[in-house]
Amino acid sequence: MSFLFDSFEGWKAIIEEKKVSLFQPVIEYEINEKGSEEQSILLGLEKALDVMFDAVDSGLTEDMVSRSGMINNGAKKVYNHGVSVLGENFQKVIARALAAKEVNSCMGRVVAAPTAGASGIIPGVLYTLKDIHSIEKKTLVEALLVSAGIGLIIDNKASLAGAVGGCQAETGSAAAMASGAIVYCLGGDFLQVSNAVGITIQCMLGLVCDPVAGLVEVPCVVRNASAAAIAFSSAQIAMAGVDAVIPVDECIEAMGEIGQSMEERYKETALGGLAATKTGKALSKKILISDIQILGEEEVLPEKPSNKAC
Amino acid sequence: MAKRSGIFDMIGPVMIGPSSSHTAGVVRIGRVAKRIFGKHLAIESVQITFYNSFARTYEGHGSDRAILAGLLDFKTDDARIKNALDLATQESISYTFKAVGNASIYHPNTVKVEVQGNGRSVEVIGESLGGGVINIASLDDFKADFSASNHTLIIKATDERGVIAFISNILAQENCNIATMSVSRKGKNDLACHVIEMDSGIPQITMDYIRHINWCKELIYIPDIDF
Ligand code: SF4
């Protein structure tokens with residue numbers, strides 16, 4: 001049986017025992033669990049990477065206005081603005097994460113990584129990393145494998161769904177996956193990758209899911225940008241050998257614990273947080289369809305015909 | 001136990017935004033309706049009703065475009081989904097949308113599709129269960145309950161003794177493994193609808209053979225809906 005990605009501790013043990021690179025057990029997991037072949041796994045990830053980078057490019061070149069109007073070509077404005085608050089690369093990573101996520105909000109093609117709501121983070125981060133450090137495609141694919149391994153552990157120990165764990169589970173997990181990928185691409189070892197993931201989670205803990213009008217637009221799009229920034233800040237800290245103090249597995253468990261005790265109104269129901277503000281409610285009223293025929297108590301639809309299984 | 005996630009659940013799927021339950025799932029329901037209606041038959045008009053949670057959000061999430069995209073037989077990652085309203089008009093399909101709330105017997109994310117054209121009409125009710133997974137709850141008032149991710153065979157037949165045994169026998173001869181099989185009927189000795197989900201497809205000649213048996217009123221075969 002292959003390693004099942006239930007903890008970083010286990011991941012560490014297996015790469016030390018087998019003396020393999022971080023991404024190797026991820027490939028083995030997929031081969032064992034899904035019966036896939038190594039070649040098709042790598043091809044699939046190359047394709048995913050292409051779709052990610054295409055999303056960044058189209059978000060920065062094509063018209064991106066969502067049906068609700070809440071998303072309106074923000075990425076391009078950021079990319080082209082004359083003032084760089086923290087240097088050009090910072091401006092670019094923010095614009096690229098926004099770009100890919102705007103494509104998602106505007107019915108374009110993206111990779112859910114790990115979810116649709118967080119689909120701008122890994123693309124924005126990897127695009128920028130490749131741009132600055134000229135990372136080869138092969139390394140980027142390996143980094144995606146590392147990200148997938150991180151995602152699997154979070155999935156097992158906590159959750160990746162906003163409806164289960166709040167936004168920390170979506171944008172927080174994507175940021176953690178991206179941060180680990182950065183450290184891997186820059187030659188960091190297992191400890192540095194784990195610290196990057198742990199530190200990222202420490203920064204994202206507690207974030208609630210409160211999408212205005214229930215649409216994956218506000219605050220989702222800007223959270224993709226901030227999550228990308230946090231992925232870089234955590235990678236910078238971890239690369240320098242600064243310790244996360246709380247081990248990464250325990251950070252993830254904390255995320256699971258917080259997610260469990262979060263009230264329902266902060267879990268994609270659009271009943272709390274920003275969605276429940278005065279403006280959030282007004283927007284919801286304006287955007288959502290109000291011309292609905294509401295069935296009364298007696299007016300139930302006919303029962304479905306009965307089934308006889310055999 | 002739930003199936004373990006794979007790496008393409010972490011880095012994937014490749015999809016059209018904004019959300020898999022409002023886009024991919026709805027496209028797949030539309031595609032099933034198109035296949036049931038007839039892959040090569042031209043649709044003239046379609047009435048689409050969004051229920052419950054879908055009723056309020058279908059426009060903001062683009063599910064109106066998604067359902068038409070499915071009826072145009074687009075796949076879930078087709079970049080044209082975004083333009084499906086215009087593309088449907090270009091294909092001379094006339095469409096209307098309706099929103100109905102509080103339909104408590106339906107799943108929160110339910111859509112009903114009524115398709116007409118060429119003197120044929122079909123009604124399909126589909127549920128989007130999340131992550132792009134769907135359940136076709138009924139077709140033409142028969143309870144159906146299939147996911148369309150296997151190979152699906154739908155046979156409408158007069159309600160006679162021995163039909164079920166006959167069908168399963170033929171499929172066994174074709175070495176075809178049945179994953180699920182269900183029968184729903186309007187009344188005793190009336191029409192019955194058999195829905196069979198299979199792990200693999202069956203040859204054309206076998207379908208033609210079943211079609212010519214006199215209890216068989218209609219046979220529809222839907223291969224894996226994502227291909
Ligand atoms: S706020 Fe909710 S819907 Fe938006 S990205 Fe976060 S988890 Fe997803």
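Where the chains meet

Analyst: Here, 50 residues of chain A are in contact with 45 residues of chain B. The elements giving two or more residues to chain A's side include helix 2 (24-34), helix 7 (137-157) and strand 2 (293-294) of chain A. The model is predicted, so local features need pLDDT of at least 70 and side-chain atom pairs count only at pLDDT 80 or more, while totals for chains, interfaces and linings use all residues. Residues are numbered from 1 along each chain as its sequence is written, with chains lettered from A and ligands numbered from 1 in the order in which they are written.

User: What makes two residues "in contact"?

Analyst: Their C-beta atoms, placed from the backbone, must lie within 7 Å.

User: How do you know that strand 2 of chain A and strand 3 of chain B pair?

Analyst: Pairing takes at least two bridges found by DSSP. Strand 2 of chain A has 2 bridges to strand 3 (residues 94-101) of chain B, so they pair, and they run parallel. As for partners, A:Ile294 bridges to B:Gly101.

User: And what makes something a strand?

Analyst: A strand is a DSSP run of E with at least two residues, a helix one of H or I with at least four, and both are numbered from the N terminus.

User: Why is strand 7 of chain B called an edge strand?

Analyst: The open sheet of 7 strands runs 2(A)-3(B)-2(B)-4(B)-5(B)-6(B)-7(B), with mixed pairing. Strand 7 (142-146) of chain B pairs on one side only, as does strand 2 of chain A. Strand 7 of chain B pairs with strand 6 (residues 133-139) of chain B, antiparallel, over 3 bridges.
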